[in-house]
Amino acid sequence: TYTANGLRHYSLQGYSMVYDPAIFTRQGWEDGDSFMVGPGNYLSVSRINGMDAATVRQGLILQENIPDLGQQVTVGSQNYTAHTLVVSPQDGIYRQFWILELSDHSTLLVEQSYVMDSEDAALYQGLQLAMLDTLTIE
C-alpha cells in the first residue's frame with residue numbers, strides 16, 4: 001500500500017489532492033490538472049460543467065468503446081460516491097476513469113493511465129491510487 005506524500009494542490013476546479021512533486025509534474029489547464037510521470041503515466045482531474053455524471057459516463061462508454069456500465073465505488077478523503085470505468089488496454093496502456101457528480105450540472109472526471117509493462121507500473125499505479133485517496137471536494 002502506498003501513501004501520497006508531498007504537496008496538497010488546491011485546484012481552481014473545486015478540489016484538492018496531495019501529490020509528490022519529486023515524482024509527478026503538475027500541469028494545469030483551463031478545466032483541470034494533470035499529474036505526469038512520463039508518457040502514458042499520469043493522473044488527471046477535469047471539471048466538466050453543463051453535464052451530470054450519468055451523461056459523462058454514457059459519453060465515455062461510447063467514446064472509449066467500454067463494454068460495460070462500470071460500477072459504483074467510493075473514492076477520496078470523504079468516501080465520495082463515484083462511478084468507475086475501465087478502458088480495455090490498448091498499446092500496453094491501462095486507463096481507468098472515476099466520475100464524481102458535484103451537482104446536477106457539474107462533474108469531476110479523474111483519469112488514471114499507466115504503461116502496464118513498465119518495471120515501475122505497480123509503483124505508478126499505487127502512487128496514483130494513493131493520490132486519489134487524498135482527493136477532497138473543496
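Guide: Welcome! A residue is called buried when its relative accessible area is under 20%, exposed when that value is over 50%, and partly exposed in between. Keep in mind that we are looking at a predicted model.

Visitor: Why is D33 called buried?

Guide: D33 has a relative accessibility of 4%. The cut-off for buried is under 20%, so D33 counts as buried.

Visitor: And why does R26 count as partly exposed?

Guide: Its value is 33%.

Visitor: What makes the contact of D33 with R26 a salt bridge?

Guide: The closest N and O atoms of D33 and R26 are 2.8 Å apart. A salt bridge asks for a side-chain nitrogen of Lys or Arg within 4 Å of a carboxyl oxygen of Asp or Glu, so this pair qualifies.

Visitor: Where else does D33 have a partner?

Guide: D33 sits in β4 and is the bridge partner of G28. Strands β3 and β4 run antiparallel and are joined by five bridges.

Visitor: How do you know that β3 and β4 count as paired?

Guide: Pairing needs at least two bridges between the strands, and here there are five. The two strands belong to an open sheet of seven, ordered β3-β4-β5-β9-β8-β7-β6, with antiparallel pairing.

Visitor: What makes β3 and β6 edge strands?

Guide: Each of them, β3 (25-29) and β6 (71-75), pairs on one side only.

Visitor: Which helices meet these strands?

Guide: Helix α1 (residues 53-63) lies across β5, β7, β8 and β9, and runs at about 160 degrees to β8. Helix α2 (residues 121-133) packs on the sheet as well, touching β4, β5, β6, β8 and β9.

Visitor: What makes E64, R95 and E111 a network?

Guide: Salt bridges link them. E64 pairs with R95, with the closest N and O atoms 3.1 Å apart, while E111 meets R95 at 2.7 Å. E111 lies in strand β9 and R95 in strand β8, so that pair ties together parts that are 16 residues apart in sequence. E64, in the loop between α1 and β6, is 31 residues from R95.

Visitor: Why are E111 and R95 called buried?

Guide: E111 has a relative accessible area of 12% and R95 has 18%. Buried means under 20%, so E111 is buried, and so is R95. E64 is buried too.

Conventions. Residues are numbered from 1 along each chain as its sequence is written. This is a predicted model: local features need pLDDT of at least 70, side-chain atom pairs count only at pLDDT 80 or more; totals for chains, interfaces and linings use all residues. Side-chain values use heavy atoms; hydrogens and water are left out. Helices (H or I, at least four residues) and strands (E, at least two) are DSSP runs, numbered from the N terminus. Contact means heavy atoms within 4.5 Å. Axes are lines fitted to C-alpha atoms, for helices over the stretch in contact, and angles run from 0 to 180 degrees between N-to-C directions. Buried means under 20% relative accessible area, exposed over 50%, partly exposed in between (1.4 Å probe, protein chains only).
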